[in-house]
Amino acid sequence: MHASVFLLSILILCSSFLGTCHGMTPSEEFLAVGDNSLASDDESDAIEYYEKGIAALTEGDSLATALSLYTNLGTAFSSLANEKAAIGSYRNAILLHSDVIENDGSNVPKEATDIAAQAAFFLGMSHEALGNPKKAVDAYAFASSLDEYHWSSLANLGSVFYDSLKQPAEAIEAYNKAYAILTQREVEPTDPPHDPTYILSELQYRIGLAITHSDGRKCAMQDDPDTPVDCKQVATHAFSLATKFNPENENAKHMLAAITADATVKRASNTYVTALFDEYAHNFEHSLVDELGYNGFERLRRAFDRAFGGRENTPVFQLVIDAGCGTGLVGEQFRNVSHHLVGVDLSEAIIVEAQRVRPSLYDETRVGDVTDVFREMKPVSLIIAADSYIYFGDLVPLFQSMEEGLSDGGFVAFTLENVSEEDAKSLAETTPDWRWQLTPSGRFAHRKEYVESVAKHHSLDIFHYEPLVDFRYENGVGVQGHIFVLQKQQKDL
């Protein structure tokens, strides 16, 4: 949630030619012309003018002019993806402001301090771009200390804590402060968002996410901090607020349904899944495999080989669709038994990432809903789906599309999640015929007997089944699941 970059120059109207801004110092003229260049996306000229302005600084120039030159120079460098140079410029602005504060703190104008706060904010963004989350945290926190109404520094601070440092409690605190700034009416927030309701919705959605990942912590409402409250209740409140601020917030709607176990939700919306993996694309594989210990893609192939009596007996399939292919983890496992391998995903960003990390894996890729693609590309010899059917609750529409798309005798091999052993016992007592559960992770867990029943009604025989134990980890706890290999029945001749 980065705020848009904007120029920080002092308010001066002048021509774009030097020497025509009457009553201005040379540094002020270079600043004004540099701003014109930067606004016109001519970063190279802007850099030249800002550097000349810095070289021309004298005691007659205001602190705001000097800070603007350094800060806007950093912005120009950042626009050219030269984040290291940008960091140097932003640091120069911050250090200059600190020196003046130390020597004559009582006479530093607010305008200058606001510019220094913005320099610190941009410094945090540059550190994020370079993968330095701890330095980004320091920069965002410093920006907030200089300008208590700088909501975007707090919003970004929360994002770094949650996304990069995995510190949900600190993220919640930062998000709540940003939310408080945007909802108070006494003072206008710094650089207020054009659409506050969208930002407020995102903040509450992220607060809810952070609460759901704060295992073992006690929760309370802000207006009654001494009374413990079920954290699920607090998260529900946050997701509910998010949907009220923005009824189009599919992520919040999905998580609200998940945390309240809304059985009326039959599948995650395409909008939710696309947004999830568009945002996740670049870090997808590292997060899933390295951080969560995910190995379902490898275990699916090993189970598939066992279904045929060993790897040496596994046949080659003419047309194979990798449904919800992600970056190609499972596609790579099945490449040697695929004559023509097609990768399908809702997220164009993750398809692009798959082509980047495994450029020769797929013979063809498609962006779209797998239920449509199965029908469009029939007859399909084999469908593989590792950790992608977990975004369907009701399996009937999915299995209908597989029945229509598969060739007679064709196969589908896929993984699903199951509930924990403890939840399974509870459901057996309260809802013995349960079919699926939308879990707090936002993914669906399925009962084995339900999958078998839906398969039977769609001409899909159980060819092989294995329980999938601890195939990924959530907050240090192993996730349980299923491996199914189904075969479409041959039509009688």
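When I say two residues pack or touch today, I mean they have heavy atoms within 4.5 Å of each other. Okay, with that out of the way, let's look at the chain, and keep in mind that this is a predicted model.

Quick overview. We have 20 helices and 13 strands in the chain. Along the principal axes, the C-alpha atoms fill a box of roughly 95 × 55 × 30 Å. The chain has 493 residues, and 51% of them are buried. And if you take contacts between residues at least 6 apart in sequence, 63% of those join residues at least 24 apart.

Let's start with helix α8, residues 168–183. How far apart are its end C-alpha atoms? They are 22 Å apart, and that agrees with the 22 Å that 16 residues should span at 1.5 Å a residue. The buried residues in α8 are P168, A171, I172, A174, Y175, A178, Y179, I181 and L182. What do those buried residues pack against? They go up against α7, which is 151–164, and also α9 and α10. So let's take those neighbours in turn.

First up, α9 and α10. The crossing itself is left-handed. Who's in the contact? From α9 you have T197, L200, S201, Q204, Y205, I207, G208, L209, I211 and T212, and they meet C231, V234, A235, A238, F239, L241, A242 and F245 from α10. Sort the residues of that contact by class and you get 13 nonpolar, five polar and no charged.

A bit more on α10. This helix has 15 residues, and from first C-alpha to last it reaches 21 Å, close to the 21 Å expected at 1.5 Å a residue. Its buried residues are C231, V234, A235, A238, F239, L241, A242 and T243.

Now, one residue I'd like you to click on is Q204. It sits in α9, residues 196–212. Buried or exposed? Q204 has a relative accessible area of 5%, so it's buried, the cut-off being under 20%. So what is Q204 touching, once you leave aside its neighbours within four places in sequence? Y179, A238, F239, L241, A242 and F245. Remember Y179: that's one of the buried residues of α8. And A238, F239, L241, A242 and F245 are on the α10 side of the α9 contact.

Back to α7, and its pairing with α6, residues 133–146. Their axes come within 9 Å and cross at roughly 155°, so this pair is roughly antiparallel as well. This crossing is left-handed. On the α6 side we have P133, A136, V137, Y140, A143 and S144, meeting S153, L154, N156, L157, V160, F161 and S164 of α7. That contact comes to nine nonpolar, four polar and no charged residues.

The contact is made by residues including L63, Y70 and F77 of α3 and E83, Y90 and L96 of α4. By class, we're looking at 12 nonpolar, seven polar and one charged.

K378 and P379 are joined by a cis peptide bond, with omega about 5°. You'll find P379 in the loop between α17 (370–376) and β6 (380–385).

Then there's D41, which isn't a glycine but has a positive phi of about 65°. Look for D41 in the loop between α1 (26–39) and α2 (43–55). With a relative accessible area of 58%, D41 is exposed.

And S459, also not a glycine, has a positive phi of about 60°. S459 is in the loop between α20 (448–456) and β10 (460–468). Its relative accessibility is 22%, so S459 counts as partly exposed.

Definitions and conventions
Residues are numbered from 1 along each chain as its sequence is written. This is a predicted model: local features need pLDDT of at least 70, side-chain atom pairs count only at pLDDT 80 or more; totals for chains, interfaces and linings use all residues. Side-chain values use heavy atoms; hydrogens and water are left out. Helices (H or I, at least four residues) and strands (E, at least two) are DSSP runs, numbered from the N terminus. Buried means under 20% relative accessible area, exposed over 50%, partly exposed in between (1.4 Å probe, protein chains only). A crossing is left-handed if the near helix is turned anticlockwise from the far one by less than a right angle, and right-handed if clockwise. Ala, Val, Leu, Ile, Met, Phe, Trp, Tyr, Cys and Pro count as nonpolar, Asp, Glu, Lys and Arg as charged, and the others, Gly among them, as polar. The expected span of a helix is 1.5 Å times one less than its number of residues. Axes are lines fitted to C-alpha atoms, for helices over the stretch in contact, and angles run from 0 to 180 degrees between N-to-C directions. Angles under 35 degrees count as roughly parallel, over 145 as roughly antiparallel, 65 to 115 as roughly perpendicular and the rest as oblique.
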